[in-house]
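Good morning, everyone, and thank you for making time for this.

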Amino acid sequence: MAVSPLKYIPLATFAEDMRILTASLPRLLAEQDEAQAGIVAKMARARGAQLGSVHAHAAPGIKAVNQAPIVRLYGNQHPEIFGAEFGGGARPRTRQFPPWRGKGQDAGYMLFPVMREYTDSKPFYDAYFDTVKDALRFK
């Protein structure tokens, strides 16, 4: 029966590693959150450009917020962005937008579909796993 070799470390060394981890992991995860928000915003802008029409015109208004894990729809710069993202058609002034898809799993045209697809993908999870692995110093 093969036994894998275990490496024993002194308790003081373990305690120091845990102190470093608790100090660095929140910062590293916050940096990863910000990076992921940037990726989602970029993918949503690309989706808007691909859809064309009003979506392409509104897509530049999808931006990641600096130093935060947030993607915003900047309606003050692109007033049509909410109609392009969520749809319309119920009132005469919103008939220029695609139909409203409701509040369910099919909601949205640019940002929300990207968020649903990307945040449930292997690259998304791998990025966070690598961040934790680096914080724990497992190479």
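Let me begin with a term: a crossing of two helices is called left-handed if the near helix is turned anticlockwise from the far one by less than a right angle, and right-handed if it is turned clockwise. Please also keep in mind that what you see is a predicted model.

With that term in hand, we can turn to helix H1, residues 11–51, and helix H5, residues 122–135, which pack at an angle of about 155° with their axes 9 Å apart. Since angles over 145 degrees count as roughly antiparallel, H1 is therefore roughly antiparallel to H5. The crossing in which H1 passes H5 is right-handed. On the H1 side, the residues that take part are Leu21, Ser24, Leu25, Leu28, Leu29, Gln32, Asp33 and Gln36, and they meet Phe124, Ala127, Tyr128, Thr131, Val132 and Ala135 in H5.

Now, how does H1 pack against H4? Here the angle is about 130°, and the axes of H1 and H4 are 9 Å apart, which makes H1 oblique to H4. H1 passes H4, too, in a right-handed crossing. From H1, Gln36, Ile39, Val40, Met43, Ala44 and Arg47 meet Leu111, Pro113, Val114, Met115, Glu117 and Tyr118 in H4, and the residues of this contact divide into 9 nonpolar, 1 polar and 2 charged.

Let us stay with H4, which covers residues 111–118, and ask which of its residues are buried. They are Leu111, Pro113, Val114 and Tyr118, and because they cover an arc of only 165° around the axis, they lie on the same side of H4. Among the elements that cover these buried residues are H1, strand E1, strand E2, helix H3 and H5.

Finally, I would like to show you two single residues. Methionine 18 is found in helix H1, and it counts as partly exposed because its relative accessibility is 31%, a value that falls between the limits of 20% for buried and 50% for exposed. Histidine 55, by contrast, sits in helix H2, residues 53–58, and at 7% relative accessibility histidine 55 counts as buried. Leaving aside neighbours within four places in sequence, histidine 55 is in contact with Gly48, Ala84, Pro98, Tyr109 and Met110.

Conventions: Residues numbered from 1 in each chain as written. Predicted model: local features only at pLDDT ≥ 70, side-chain atom pairs only at ≥ 80, totals over all residues. Heavy atoms only, no water. Axes fitted to C-alpha atoms, helices over the stretch in contact; angles between N-to-C directions. Helix = DSSP H or I, 4+ residues; strand = E, 2+ residues; numbered from the N terminus. Parallel < 35°, antiparallel > 145°, perpendicular 65-115°, else oblique. Contact = heavy atoms within 4.5 Å. Buried < 20%, exposed > 50% of the residue type's maximum accessible area, 1.4 Å probe, protein only. Arc of directions from axis to C-beta. Nonpolar A, V, L, I, M, F, W, Y, C, P; charged D, E, K, R; others polar.
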